[in-house]
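Please consult the sequence and the structure shown here while reading.

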Amino acid sequence: MRDKEATRKTILDIGKKMFIEKGYEHSFLRDIAKESGVTTGAIYGHYKDKDALFTDIVSPVIDGLKKTLSNMQDEYRSIDNEQLNRDPMKLNSYDPMIDYIYDHHDEFILLLKCAHETSMKDWFEDFIKTETTASQSYAEKWKEAGILKSDIDVRFIEIVSSSYFRSIFEAIEKGMKREETKRLVRLLSIYYTGGWKALAGYSALAE
């Protein structure tokens with residue numbers, strides 16, 4: 001008898017391939033089952049429907065992206081106030097995040113092109129909520145260090161975070177290569193960091 005986990009992996013691989021080639025709407029479990037070498041009944045033993053299969057393909061990479069960003073953010077959080085005042089605009093490299101995305105390129109392309117048809121349609125908004133919470137902690141750290149003189153509205157932080165990450169994913173969806181995207185992200189980081197610096201210097205604008 002075929003190993004159950006090996007069968008599931010085959011279904012995942014074939015499902016991913018078919019979703020990429022045909023899109024979500026035109027991919028069917030019966031075709032995925034046939035190409036996977038299992039019966040349609042067998043595939044239902046693993047997944048109740050097409051949406052469940054899609055979710056199993058993409059959910060792990062979203063969790064992995066959040067973990068990668070969390071590790072990067074921990075490095076920034078470890079900076080003490082004295083260091084922060086010497087270099088408040090210290091730029092962390094986003095290369096680990098870009099490498100993670102390109103190492104799981106197919107899954108992210110599926111999220112960008114197909115997720116709106118599935119129960120994962122809100123994945124980006126959920127991701128931005130996580131990122132907004134992290135950015136709030138940065139702002140609080142700046143305030144504690146005396147760099148930022150007033151509170152920044154959470155809605156503003158959410159909009160800025162959304163704009164930043166939409167730019168990154170747009171580059172990926174448009175087919176930019178890994179190193180091209182890394183260069184773009186470095187430029188975006190300088191651009192957005194300059195905006196934060198302006199807010200720190202002119203905190204009355206945030207009142």
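The account below turns to salt bridges, then to helix packing, and then to one glutamate. The model is a predicted one.

**Salt bridges**

The structure contains 14 salt bridges. Three of them are set out in the table.

| Salt bridge | Closest N and O atoms |
|---|---|
| Asp99 with Arg178 | 3.0 Å |
| Asp103 with Arg178 | 3.0 Å |

Asp99 forms a salt bridge with Arg178 at 3.0 Å between the closest N and O atoms. This pair connects distant parts of the chain, since Asp99 belongs to helix H6 (residues 95-103) and Arg178 to helix H10 (residues 178-201), 79 residues apart. Arg178 also takes part in a salt bridge with Asp103. Here again distant parts of the chain are linked: Asp103 is in helix H6 and Arg178 in helix H10, with 75 residues separating them.

Through salt bridges that share partners, Asp99, Asp103, Arg178, Glu179 and Lys182 are joined into one network.

How exposed or buried are the members of this network? Asp99 has a relative accessibility of 23% and therefore counts as partly exposed. Arg178, at 27% relative accessibility, is likewise classed as partly exposed. Asp103 has a relative accessible area of 52%, so this residue is exposed. Lys182 counts as buried because its relative accessibility is 9%, and the cut-off for buried is under 20%.

**Packing of helices H1 and H2**

Two packed helices are described by the angle between their axes and the distance between the axes. Helix H1 (residues 4-22) packs with helix H2 (residues 29-36) at an angle of about 125 degrees, and their axes are 9 Å apart. H1 is therefore oblique to H2, because an angle of 65 to 115 degrees would be needed for roughly perpendicular and one over 145 for roughly antiparallel. The crossing in which H1 passes H2 is right-handed.

On the H1 side, the contact involves Thr10, Ile11, Ile14, Gly15, Lys17, Met18 and Phe19, which meet Asp31, Ile32, Glu35 and Ser36 in H2. By class, the residues in this contact of H1 with H2 comprise five nonpolar, three polar and three charged.

**Packing of helices H7 and H9**

A second pair consists of helix H7 (residues 105-114) and helix H9 (residues 154-173), which pack at an angle of about 110 degrees with axes 10 Å apart. H7 and H9 are therefore roughly perpendicular to each other. H7 contributes His105, Phe108, Ile109, Leu112 and Lys113 to the contact, while H9 contributes Phe169, Ile172 and Glu173. The contact of H7 with H9 divides into five nonpolar, one polar and two charged residues.

Where does Glu131 lie? Glu131 is located in helix H8 (residues 123-144). Glu131 counts as buried because its relative accessibility is 6%. Leaving aside residues up to four places away in sequence, Glu131 touches Leu69, Gln73, Ser161 and Phe165.

Technical notes: Residues are numbered from 1 along each chain as its sequence is written. This is a predicted model: local features need pLDDT of at least 70, side-chain atom pairs count only at pLDDT 80 or more; totals for chains, interfaces and linings use all residues. Side-chain values use heavy atoms; hydrogens and water are left out. A salt bridge is a side-chain nitrogen of Lys or Arg within 4 Å of a carboxyl oxygen of Asp or Glu. Helices (H or I, at least four residues) and strands (E, at least two) are DSSP runs, numbered from the N terminus. Buried means under 20% relative accessible area, exposed over 50%, partly exposed in between (1.4 Å probe, protein chains only). Axes are lines fitted to C-alpha atoms, for helices over the stretch in contact, and angles run from 0 to 180 degrees between N-to-C directions. Angles under 35 degrees count as roughly parallel, over 145 as roughly antiparallel, 65 to 115 as roughly perpendicular and the rest as oblique. A crossing is left-handed if the near helix is turned anticlockwise from the far one by less than a right angle, and right-handed if clockwise. Contact means heavy atoms within 4.5 Å. Ala, Val, Leu, Ile, Met, Phe, Trp, Tyr, Cys and Pro count as nonpolar, Asp, Glu, Lys and Arg as charged, and the others, Gly among them, as polar.
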